[in-house]
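Hi,

Here is the structure I promised to pass on.

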Amino acid sequence: MGPSFDPVVDPVVFGALAAKLQAVAVQMSFALKRTSRSLYVKDGEDFCASIMGLDGLLLTAPDTVGSTLLTLVDATEAIAAVPDLAPGDVIIANDAHTSGALSTHLADLHVIEPYYVEGELVGYGWAFVHSSDIGGRVPSSISPFNTDVYQEGLQLPPVRLVKGGEIDDEIEALIRRNSRTPDANSADIRAMLAALRLGHRAVTDLVAEYGSHTFLAAQRDILGYSERRARDIFTSLPPGRHRFSDYLDDDALSPYPVRYAVALEVDEAGGLTVDFTGTDPQVSSAFNIVSKGRPHPMLTGRVRSSLVTLDPAFPNDAGQVRAVTVIAPEGTIVNAVHPAAVGVRHGSAVRVSDALGGAFLAMAPQVMPAAGSGVVVPVVVSQRRGHARGSQVLTRLFGGFGAANGLDGHDGKDNGYSNLASSPVETAEAELRLTVLDYSLRPDSGGPGRWRGGVGRQLTFRVDEDGTQVLARGLERFVFRPWGANGGRPGAPTEVIVNAGRSVEQRHRKIDVLYLDAGDTITFRTPGGGGFGDPFLREPASVLSDVRRGLVGWESARRDYGVALGGGPGTETIDEAATARARAGHVVVAGGIDVGVERRRWATVFTEDWHDRFAAALLANGVGQSPRLRDGLYDSVFGLLPADFPVAEASAEQLATAGAEAERLLVELESRSARSG
Amino acid sequence: MTVDLRTFVPTLPPVTLGVLSSKLSAIAVEMSYTLRRTSRSLYVKEGGDFSASLLGLDGQLIAVPEGAGSPMFTILDCMPAIRAIPDLGPGDVIITNDPYGTEGTATHLPDVQMIQPYYVGERLVGYGWAFVHSSDIGGRVPSSISPFNTEIFQDGLQIPPLRYARNGVVNPEIEAIIRRNNRTPDANSADFRAMMSALELGQKRVREIVDTFGLDAWMAAQEDIPAYSASRAAVVLSTLRPDVYRFEDYLDNDAITPYPVRYRVALTVHPEGRLTFDFTGTDPQVVSAFNIASAGKPHPMLLTRYLGLIITLDPSIPLNGGLVRPVEVIAPYGSVVNAARPAAVGVRHASAVRINDMLAGVFAAASPHTQAAAGSGLVVPVVVSERHGVERTSKVINSLKGGFGGAFELDGLDGKDNGYISGVSTPVEYGESEIDVTVLRYALRRDSGGPGRWRGGLGRELVFRIDSDGSNVLARGLERFVFRPWGVAGGKPAAPSELVVNEGRPDEARYQKIDMLELSRGDTVTVRVPGGGGYGDPFLRDPEEVLVDVRQDLVSIESARTDYGVVFVAGNGPVEIDLPATVALRASTARRPAELDGRVTYDVGDERRAWEAVFSPAWYERFVATLFGLPPAERTPRRATLFDAVLAVLPAGFPLPGGTERERQDAAAVAERLLAQLEADLAARTASA
């Protein structure tokens, strides 16, 4: 049954305070948004502001503005790191390692202000913004190709930016000097401080109205209530251990996939254990998550959204973390140690979310969707301005939502990371010398299914200035597709093409910095979500509608859905007889997950069990050695496989030989780690 | 109307002035030793890359710690860093490493500078100054410095002038941020504390001086000491022949683009011992880390060789900031010698070395017989970065230098450059005990000195083996693979650099400039740096001296014959000179004149002659002027486009293979046509604007 929930505060007062706190968070966030300067904040909604209780957990999250991604942050360690906090002080931090993983990459600047009312500490104000640039190797600070955190920009351990109400000029000067966008950053920091002040006034009013005793008791009740509710929901899930894994195509520096494995299990007290054992070691590139092994926004964000899926009225505070236990071995990519680069930690978080989605799907197949596109791609353009470079996010690309039982996936919107908004094309065109030629939904990208996966997006723009740099971190799913469920099929993989259709056309996968000249075009196509249910069971009328809207082509309608069409473009009709013929004799596929041909090929050589053992053996050899050992083993096995495996097909013999070699090398590695252990 | 610096009337009695001047130097030495003894990092302890001294109220050095640490910063201006912090008080310590924010007080990010205001009672009476080259200050690569950095943001943490300590107490938050942003926080913190100890010692000594001599004497000394040095400098400079002297020198490339970087100076020697260094004609700032953030001032990175000239002409001159007074500098904003933010500056010393070479060239003309030929023209700290668990450490095995240029009646020193006298060699044993490598060879490099009547000093060669997996080698400052250290007055240029991995093995690989070499256990790295240029006609070298060189294996028998015209007979015993053959060979060979039109001649080597046959100095002058007419964002791409088009009609790797005369003429025609077009574009644009 777990801890019982015995509210101290009168239910009416509790309800009123919870609602008022949420209103305060919304107000704070709007204040932040309206006074900020950078496009990340204004257009991208990559920020948040809210109120924390005395134990450093969020009491509420704004539901209509800003990012809800970080509802599960824990500021305890960041607060403890700054001794003698006094009224009017504000902590700033962006360093994951020294802030207890409050901030998860350097671009996110977090601020915390202790809220005192008449000398009594009653809570904390908190805000974060994704700053446009915090220095480091590349403009906008984030690149998958960074190999340690020193390349990623200025690291701020928790320090007092504001002391007794006054900004410390020297710390601000240091922050400004280490950013390519000092004015925007200073403006955004001041916007956060304004939000904190607003929050402080509101909290002061609440304490005046209800008394500090009630205000503090309500904090316990709010978190306790959502913990209780989370435990109730978890208890309703089927018992047993439910496991799933998913992959990044590669870590950008070495060509081999990165695996995330997760197992879910509910205990008798309704606690959910999320066990990442078997997940790959941390990587040399910037996909690492510093989580400190706790229920962390980057690890259990999908648990939070699943609670809301299972209970749409689930409260929006951090109490649920108390019902969740995370097991994430230190040195894995989901609990990385210093000085791992972390800039593209969301690339991992999206895939962790997909892995969790698969495990939840096994527990609640009637409710949970297939995989979403699994990519979040901020497209950043950097152009010369005088002696310097200016850089700006053109827009953030997402793919489609996974379909669920009874529900097509949303088009062009992912279920993993839907917190960020799209920037208007016109803003980018006004500020950068480029022309957007096409920004639309991508046909045939949604995974076919009785309920179709949402389609991805496509963006093509022309660069109008020589020496333009294009960065697009978060590009993924070139190899392993968003999986379909219950007979539904996977979504189409990602594509990046420079000068598509011209003689100088070039196809890329993950990019660091692309240098383009005036007249060059670049095209991004993101995946759709996975389908749900056998596509041959899809209503032909729905397929017709998809075709008329340009989301599904004729050929796909025929091949994937067994729907034959007549008529011409815009006047398509269903050819009933041909459709019946096409669908006759089809054996309906039900249950299971369709991971796509590439991952099936992969799993023939590298089985789930092999991967679990491999991860354990690498960790046993020490984090420092693992990239080299890992690459060395894969290099040997890949020598036996065709180039570009698993996108390229391999013969049964090649697969068998490679599998045997993988096993032999793993046994060797295991004995080596046994020796060194 | 400028004053004649030579007329100097001290306020203090000469004896007091002399005593105080010596005392201040002694204090600077004491401060520097204190810093060195309490520091932790190898750069400081073994590399000599640090300094500490006293500043007057004008922020200029009033003494230089001779014999301890680096004297390069004699003419450093610390005033911008001081002015950045209002309301300084006793016990405050400014910290900065920010080149652009301090108008060049800091010169690249690893050099962390500290300044402490000195008080006697309530009265501000001067400042203490110290710097260390820290092992790492964050950024893209371990040890922070790489030619391949493209912006100062990649060079590491930029610390604008801040108070590291207030009233004697370190600001824990500033300290925490700095620690967090470098890979060697403990070594850095120790070095910072060492600087603070040195600064505190300086404060104590200044109080003692004021106690002994009185405040008025101390304040007067701040005025008199630099003025005295300025007067002595002006006196020796007035012995130079008034005229305008021009010279240029090149970096092989900027590490990122393949085109040479050209430095140009016009030195005007004015009567009364004043000099104007006009760097107009120097290339625009580069995309890599070779830029100098000089703020267009007479800056240590531009004028090290000027200090060398003064010291050569007046060896006992007291060193201090007064030496800057006879000098005026013109350095166009946006050029590689006066870069605009955010240009990367990590390897600014490579530019400084080439500027030294170039100034040596004009000084050789302005002050005949006193100046050496070009030194090796590089300083190469060889850094090994190793994996220890998840962390990487990086340490300097050694800082390689090449030979000194030959000079009138003086062979060049072997394995020691005249450009950069600071930075001592680290004992091999230190490197081996701190780093998992084995040094297989560390020796003088045969035949690397430029032949001359007075031979250029030899370069060094270092061969080491990597003994652990996952080690990376960095060697910034590598240069002179293409353009050699030039010889003077008939002397010949020296051998170029070489960098070889696994030399003599089937997997041997040759490199020029490297970012980072990723190596495995058992790999060997060979670095060979050039010698100095020769001075005077090598065919006039005393054959007995050539014999000594050959017997010491500094010069080969082949080189003795072809370069020196000295023929040897090989026998069973030691080699002996074949005198008749030598006389005959020397008589029959045509040679380069020592002077032309009353000016000293230079032998810049075949590569540079080939380059300048295509891109003549006159052409280049117009080219740079045109580039500076363009908006900054267009300069680098337009420059690259033009070079690409011209180099396309030349053999790959030009000027290493120099091509035929016909090819060079064709290329020169293309260069002329494209430049004329660029000039026309610019003129049209200017007219429409």
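**The two chains**

Chain A is built from 16 helices and 23 strands. Its radius of gyration is 25 Å, close to the 26 Å that the globule rule gives for 677 residues, so chain A is as compact as a globular protein of that length. Before you read on, please keep in mind that this is a predicted model.

Some more on chain A. Along its principal axes the C-alpha trace spans about 80 × 65 × 65 Å. Of its 677 residues, 64% count as buried. If you take the contacts between residues at least 6 apart in sequence, 72% of them join residues at least 24 apart. The chain exposes about 22,400 Å², and carbon and sulfur atoms supply 53% of that. As for charge, there are 64 positive and 83 negative side chains in chain A, with the centres of the two sets 3 Å apart.

Now chain B, which has 17 helices and 25 strands. Here the radius of gyration is 26 Å, close to the 26 Å from the globule rule for 689 residues, so chain B is also as compact as a globular protein of its length. The C-alpha trace of chain B spans about 80 × 70 × 65 Å along the principal axes, and 63% of the 689 residues count as buried. For contacts in chain B between residues at least 6 apart in sequence, the share joining residues at least 24 apart is 72%. Its accessible surface comes to about 23,600 Å², with 54% belonging to carbon and sulfur atoms. Chain B carries 68 positive and 84 negative charges, and their mean positions are 1 Å apart.

Helix 8 of chain B covers residues 300–313. At 1.5 Å a residue, its 14 residues should span 20 Å, and the end C-alpha atoms are 19 Å apart, which agrees. How many of its residues are buried? The count is 10 of 14, so to speak a mostly covered helix. The buried residues include Pro300(B), Met301(B), Leu302(B), Leu303(B), Thr304(B), Arg305(B) and Tyr306(B). Leu307(B), Leu309(B) and Ile310(B) are buried in helix 8 too.

What do those buried residues pack against? Their partners in chain B are helix 7 (215–237), strand 9 (274–278), strand 10 (327–330) and helix 9 (348–366).

**Backbone details**

There are two cis peptide bonds to point out in chain B. One joins Arg341(B) and Pro342(B), with omega at about 5°. Pro342(B) sits in the loop between strand 10 and helix 9. The other runs from Phe654(B) to Pro655(B), with omega near 10°. You will find Pro655(B) in the loop between helix 16 (632–647) and helix 17 (661–688).

Next, two residues other than glycine with a positive phi. Phi of Arg480(B) is near 60°, and this residue lies in the loop between strand 15 (471–474) and strand 16 (487–488) of chain B. Is Arg480(B) buried or exposed? It is buried, with a relative accessible area of 0%.

In chain A, phi of Asn486(A) is near 55°. Asn486(A) belongs to the loop between strand 16 (484–485) and strand 17 (495–498). At 26% relative accessibility, Asn486(A) counts as partly exposed.

**A glycine that touches that loop residue**

Asn486(A) comes up again in the contacts of Gly592(A). Leaving aside neighbours within four places in sequence, Gly592(A) is in contact with Gly484(A), Ala485(A), Asn486(A) and Gly487(A). Gly592(A) itself is in the loop between helix 12 (576–583) and strand 23 (593–594) of chain A. With a relative accessible area of 54%, Gly592(A) is exposed, since the cut-off for exposed is over 50%.

Cheers

How values were computed. Residues numbered from 1 in each chain as written. Chains lettered and ligands numbered in written order. Heavy atoms only, no water. Helix = DSSP H or I, 4+ residues; strand = E, 2+ residues; numbered from the N terminus. Expected span 1.5 Å × (residues − 1). Buried < 20%, exposed > 50% of the residue type's maximum accessible area, 1.4 Å probe, protein only. Contact = heavy atoms within 4.5 Å. Rg over C-alpha atoms; globule rule 2.2 N^0.38 Å. Areas by Shrake-Rupley, 256 points an atom, 1.4 Å probe, with all protein chains shown as cover. Lys, Arg positive; Asp, Glu negative; His and termini not counted. Charge placed at Lys NZ, Arg CZ, Asp CG, Glu CD.
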